[in-house]
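Here's a quick briefing for anyone meeting this structure for the first time. Have a look at the model, then read on.

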Amino acid sequence: METSPGTQSPALHVADSHDLIRVHGARENNLKDVNVELPKRRLTVFTGVSGSGKSSLVFDTIAAESQRMINETYSAFVQGFMPTLARPEVDVLDGLTTAIIVDQQRMGADPRSTVGTATDVHAMLRILFSRLGRPHIGSSQAFSFNVASISGAGAVTIERGGEKVKERRSFSITGGMCPRCEGRGTASDIDLDQLFDDSRSLAEGAITVPGYKADGWMVRYYSESGFLDPDKPIREYTKKERHDFLYHEPVKMKFRGINSTYEGLVPRVQKSMLSKDREAMQPHIRAFVDRAVTFTTCPDCDGTRLSEAARSSKIKGISIADACAMQISDLAGWVRDLDESSVAPLLSGLQNTLDSFVEIGLGYLSLDRASGTLSGGEAQRTKMIRHLGSSLTDVTYVFDEPTIGLHPHDIQRMNNLLLRLRDKGNTVLVVEHKPEAIAIADHVVDLGPRAGAEGGEVMFEGTVEGLRACGTLTGRHLDDRASLKPAVRKPSGTLEVRGADSHNLQDVDVDIPLGVLCVVTGVAGSGKSSLIHGSVAGRDGVVAVDQTPIRGSRRSNPATYTGLLEPIRKAFAKANGVKPALFSANSEGACPNCNGAGVIYTDLAMMAGVATTCEVCEGKRFEASVLEYHFGGRDISEVLAMSVTEAEEFFGSGEARTPAAHRILDRLADVGLGYLSLGQPLTTLSGGERQRLKLATRMGEKGGVYILDEPTTGLHLADVEQLLGLLDRLVESGKSVIVIEHHQAVMAHADWIIDLGPGAGHDGGRIVFEGTPADLVAARSTLTAEHLADYVTP
């Protein structure tokens, strides 16, 4: 095409002028009329202390509105099956693009969910084995541990030519589920002595399973069934009565006029408790299950979850069970060597996905790893995999601390992946605390100045260099470097670990010093958690604070979660001569109009539900008569509205002095949560705040050894210093502290370091260094040593 020499380049097309995401007047959670303009097709990092409003701006405002607007493009019928999202509290949101959220939410805790099923790799492997496996045993269902083999036959009535004709039909489905363990990989043996006390009768509370109270409907279900004598001690049951009580098969019955099903106690407990993932259970249920149930590897399938037929079909001597047990980096090599033109597209897709695992630093996992056992960082990186090879552009990717759980050695690799997504023409929004990740940003938004009610304002917006030069909390701490301690504490004893071989550990022997701060480090997948949680956590006197997220509904708050409400209720009850239950918004003291929720929820079907403040209690959650009772001059709603710092002072002295409450408040202040209000719903807390709330709660447990698994997760640079002070106070009070950690400031502060490696998966699982941080830096013999030496000040 020719152009005349005098032709000028055309003016900017109007479609090219939309190069900003504009947010004006954002007020979600603690945001205070925030205004920001974010450049598209650039990498923007959001910084600020934990609880400053980063997630409220990025996830609850920008990403939430993008998803809501996409949902609105579907028909009302389809929207009825989708989660309903309310419009965020914001005046203007302009320039949004499709948002893909990659957050830290744990992948399903269902015991049937594995890394393979969660990422669709297992589905591709099943198709591969159904086509190439020898002997051929059936379709891809025959290799699925979630599909049982069933068959049946019978007469069916069909209408043909105006006449009804009976025909005999039979069917069969060949599934890959192991019939013994039903696809779970573990078989369970129940200790009957933990289910009941045989010296008592049902009426006397013989059943000792949590939730089975003598006067509760669960026990009446047995005592009024007609099968059993409720006043007869269990040890006097006949053989038939004992069978009916424990193992009776399900049978239809009428219970108090309601159609119901009666079944024995053992199958009922198995269905209600043992079918759930252990980590998803409430603490008292988990304690019961740990006492009553012994989980062993299924003897029939050897833990593979698959039937004998599924394990017998092989490709080049490898069964699907063998493939799933391989380290993913090894499996990628095996798939690459398969040269079968008949399944070429399938092999190509499978190869790309497996290579993405290796590229993102998860090559040490295996496909049969239960997805509920992945850490928050591993879960987030697993979710990233499906986006790495995507051809989509002009998409907004939203990440929540993608460097969590990463060794400094791996952070550069993660940075490269984020930059790759940006360079394809996407907008990348990242909530992050690590200086190495902040350094690659094109644009930085710093929120603060503090957390909670003291946060929610934009303190700085601009480049990384501008952030360094400004006087905000993040700017001042961005170039912080820890120095090695001039002297380290001497251990008071040792904790011996001998022959540790769980997961990838290679017969590890190590002496963990007691009475000091010991840091266990190494690249992701090197075996740190396997060593400490597998060989130390279960011992007497050991309190382990792992990474499992705390769960809580909108009725849960810091006061209920930490047990703080109990001494407060008792103090109110004693002072006023009434029942403690009156001072619980979930019990007798609840406002009858809103049932103690403080708000009235109106369901609008496929439209977002509406929550309005209760007109009767005005959001205070309690009945008016309860608020007439005072303690120390305050009613219960005023106490729950206090911050931890205020409450610490209130319950620490004077007429309201309550030592039991003050001890819990001290621990909350110790972990840096002094700004939280006691009645703030757990659903509004950030990830870092939840982590510290859990830490404060577990610190109240009696024990001589504390294990902390990456306590810097979600912590701002300025908060790490406070955490180190807390660890020092624990050690000085006579405790032994073992920390699994990647943060160099924590390593530098340690008295003793145990470094695992040298790599991940089968390339790790060995002790590569034991000694003081100074010796580690001087030796520079491991990856950790190199990064720690670069970090500490000379």
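Cys-617 is buried, with a relative accessible area of 6% (buried means under 20%, exposed over 50% and partly exposed in between, using a 1.4 Å probe and protein chains only). Keep in mind that this is a predicted model, where local features need pLDDT of at least 70, side-chain atom pairs count only at pLDDT 80 or more, and totals for chains, interfaces and linings use all residues. Residues are numbered from 1 along each chain as its sequence is written, and side-chain values use heavy atoms, leaving out hydrogens and water.

**Cysteines**
- The closest cysteine sulfur to that of Cys-617 belongs to Cys-614, and at 3.7 Å it's too far for a bond.
- A disulfide here is a pair of cysteine sulfur atoms within 2.5 Å, and the count by this rule is 0.
- Cys-518 is buried too, at 0% relative accessibility.

**Helix α13**
- This helix covers residues 376–388, and its 13 residues reach 19 Å from first C-alpha to last, close to the 18 Å expected at 1.5 Å a residue (that is, 1.5 Å times one less than the number of residues).
- Mostly covered, α13 has 11 of its 13 residues buried, including Met-384, Ile-385 and Leu-388.
- Those buried residues pack against β5 (99–102), α12 (344–359), β14 (396–400) and α14 (408–423).

**Confidence**
- The average pLDDT (the predictor's confidence in each residue, from 0 to 100) is 88, and 96% of the residues score at least 70.

How values were computed: Helix = DSSP H or I, 4+ residues; strand = E, 2+ residues; numbered from the N terminus. Contact = heavy atoms within 4.5 Å.
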